[in-house]
Amino acid sequence: MRSFFYKVSSALARFMYGRNGTDQLNWAILVSYLVLWLLRVIMSALDIAIVALIIDVVMFLLAVLLLWRTFSRNLPKRRAENQKFVNWWWPIKNRFAAAKARRADKEHKYFTCKNCKTICRVPAGKGKIVITCPKCGHKIEGHS
């Protein structure tokens, strides 16, 4: 029995050799597909046929795109597409992660400079303070 699964996994590995496989853009497409699927289920329950039909078409296109990118042998082009996506997505992801970390930090107070949008951190509980932005020199008044 073990040799059967070993043969299947080896055959799959040989088939995927030289192909793109999954990357961050494929994961994003898959998550988009699943969100649309959930929305499609809701639209079916609400009996909104035209919206459900549009979602079906978009889901079909996403499925085709996902499979095409996964089995593509044009690796430089798929890597360039993925890099463009990563360059677009990571600043957004990091912004949300940093905001979550700032909310969890109870020992510091964060101020945003109105002039250059730099985030300045000061210790909490110091009362009314005036902060000088390290980037542009703008004065920020606030209560820590």
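Rings of Phe, Tyr and Trp (for Trp, the six-membered ring) count as a pair if their centres lie within 6.5 Å; planes under 30 degrees apart make the pair stacked, over 60 edge-to-face, and the rest tilted. By that rule the structure holds 4 aromatic pairs. This is a predicted model, in which local features need pLDDT of at least 70 and side-chain atom pairs count only at pLDDT 80 or more, while totals for chains, interfaces and linings use all residues. Residues are numbered from 1 along each chain as its sequence is written, and side-chain values use heavy atoms, with hydrogens and water left out.

**Aromatic rings**
- Phe4 and Phe5 form an edge-to-face pair, with 5.4 Å centre to centre and 70° between the planes.
- The pair of Trp88 and Trp89 is tilted, because the ring centres are 6.0 Å apart and the planes stand at 35°.
- Ring pairs link Trp88 and Trp89 with Phe85 into a cluster.
- Trp88 is exposed, at a relative accessible area of 52%, and Trp89 is partly exposed, at 33%; buried means under 20%, exposed over 50% and partly exposed in between (1.4 Å probe, protein chains only).
- The charged end of Arg19 sits over the ring of Phe15, 4.2 Å from its centre; this term requires NZ of Lys or CZ of Arg within 6 Å of the ring centre and within 35 degrees of the ring normal.

**Helix H1**
- Helices (H or I, at least four residues) and strands (E, at least two) are DSSP runs, numbered from the N terminus.
- H1 covers residues 2-16, and its 15 residues should span 21 Å at 1.5 Å a residue; the end C-alpha atoms are 21 Å apart, which agrees. The expected span is 1.5 Å times one less than the number of residues.
- Just after H1, Gly18 has a positive phi of about 85°.

**Nonpolar cores**
- The largest nonpolar core has 11 residues, among them Leu25, Ile55, Phe85 and Val86; such a core is a set of buried Ala, Val, Leu, Ile, Met, Phe, Trp, Tyr and Cys residues joined through side-chain atoms within 4.5 Å.
- H2 (24-45), H3 (49-71) and H4 (75-104) each supply at least two residues of this core, and H3 gives the most, with 5 residues.
- A second, separate core of 8 residues includes Phe111, Cys113, Cys133 and Ile140.

**Strands E1 and E2**
- E1 (residues 108-112) and E2 (residues 119-123) run antiparallel, joined by 5 bridges; strands pair if DSSP finds at least two bridges between them.
- Thr112 stands opposite Ile119 in E2.
- The hairpin of E1 and E2 has 6 residues between the strands, and Lys117 takes a positive phi near 70° there.
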